[in-house]
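Trainee: I would like to learn how to read the features of a model such as this one. Please take me through them in turn.

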Amino acid sequence: MRSGEICCGPSGVAVGMPLCRPMGKGLWEVRTDLPGNRTARVLICLYQDHLVALHGFIKKTRATREADLALARKRQKELEQ
């Protein structure tokens with residue numbers, strides 16, 4: 001696996017850009033395009049060998065909003081307590 005990739009599933013398939021990118025501190029952004037020229041994002045983390053979806057949203061701007069990141073980081077922290 002290269003830097004900036006996350007290992008998904010029992011096959012150990014490495015997924016990176018443009019589908020998945022690291023957001024720092026164990027948080028990852030998974031990207032997908034939706035019908036109607038919309039883009040969705042799901043922020044995930046790896047917890048006890050499981051991928052956990054922390055927050056999903058429809059992307060409306062180029063940058064990921066700080067509020068979306070903060071909510072995902074808060075939920076990630078709650079998992080780890």
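Mentor: The largest nonpolar core has eight residues in all: Met23, Leu27, Leu43, Cys45, Leu54, Phe57, Leu69 and Ala72. A nonpolar core is a set of buried Ala, Val, Leu, Ile, Met, Phe, Trp, Tyr and Cys residues joined through side-chain atoms within 4.5 Å. At least two residues of this core come from each of β5 (38-47), β6 (50-59) and α1. This is a predicted model, where local features need pLDDT of at least 70 and side-chain atom pairs count only at pLDDT 80 or more, while totals for chains, interfaces and linings use all residues. Residues are numbered from 1 along each chain as its sequence is written, and side-chain values use heavy atoms, with hydrogens and water left out.

Trainee: What is the order of the strands in the open sheet?

Mentor: Strands (E, at least two residues) and helices (H or I, at least four) are DSSP runs numbered from the N terminus, and two strands pair if DSSP finds at least two bridges between them. Here the order is β3-β4-β5-β6, with antiparallel pairing in an open sheet of four strands. β3 (20-24) and β6 each have a single partner strand, so one side of each has no neighbour in the sheet. From one strand to the next, the twist averages 30 degrees.

Trainee: How many bridges join β4 to β5, and how many pair β5 with β6?

Mentor: β4 and β5 are joined by eight bridges, and arginine 31 has arginine 41 in β5 as its bridge partner. Nine bridges pair β5 with β6, again in the antiparallel sense; tyrosine 47 is partnered by histidine 50 in β6.

Trainee: Which residues have a positive phi in the two hairpins?

Mentor: In the hairpin of β4 and β5, with three residues between the strands, glycine 36 has a positive phi of about 80 degrees. The hairpin of β5 and β6 has two residues between its strands, and there glutamine 48 takes a positive phi near 50 degrees.

Trainee: Where does α1 lie?

Mentor: Angles run from 0 to 180 degrees between N-to-C directions, and axes are lines fitted to C-alpha atoms, for helices over the stretch in contact. α1 lies across β3, β4 (27-34), β5 and β6, and runs at about 160 degrees to β6. Glutamine 76 belongs to this helix, which spans residues 66-80.

Trainee: Is glutamine 76 buried or exposed?

Mentor: Buried means under 20% relative accessible area, exposed over 50%, and partly exposed in between (1.4 Å probe, protein chains only). Glutamine 76 counts as buried because its relative accessibility is 7%. Contact means heavy atoms within 4.5 Å. Not counting residues up to four places away in sequence, glutamine 76 touches Lys25, Gly26, Leu27, Cys45 and Leu54.

Trainee: How many disulfides does a search of the whole structure find?

Mentor: A disulfide is a pair of cysteine sulfur atoms within 2.5 Å. The search finds zero. Cysteine 45 is buried at a relative accessible area of 1%, and cysteine 20 is buried at 3% relative accessibility. Beyond four places in sequence, the contacts of cysteine 45 include His50, Val52, Gln76 and Leu79.

Trainee: What does arginine 38 touch?

Mentor: Arginine 38, in strand β5, is partly exposed at 43% relative accessibility. Leaving out residues up to four places away in sequence, arginine 38 touches Asp33 and Ile58. Arginine 38 and lysine 60 are 22 residues apart in sequence, with 8.1 Å from C-alpha to C-alpha.
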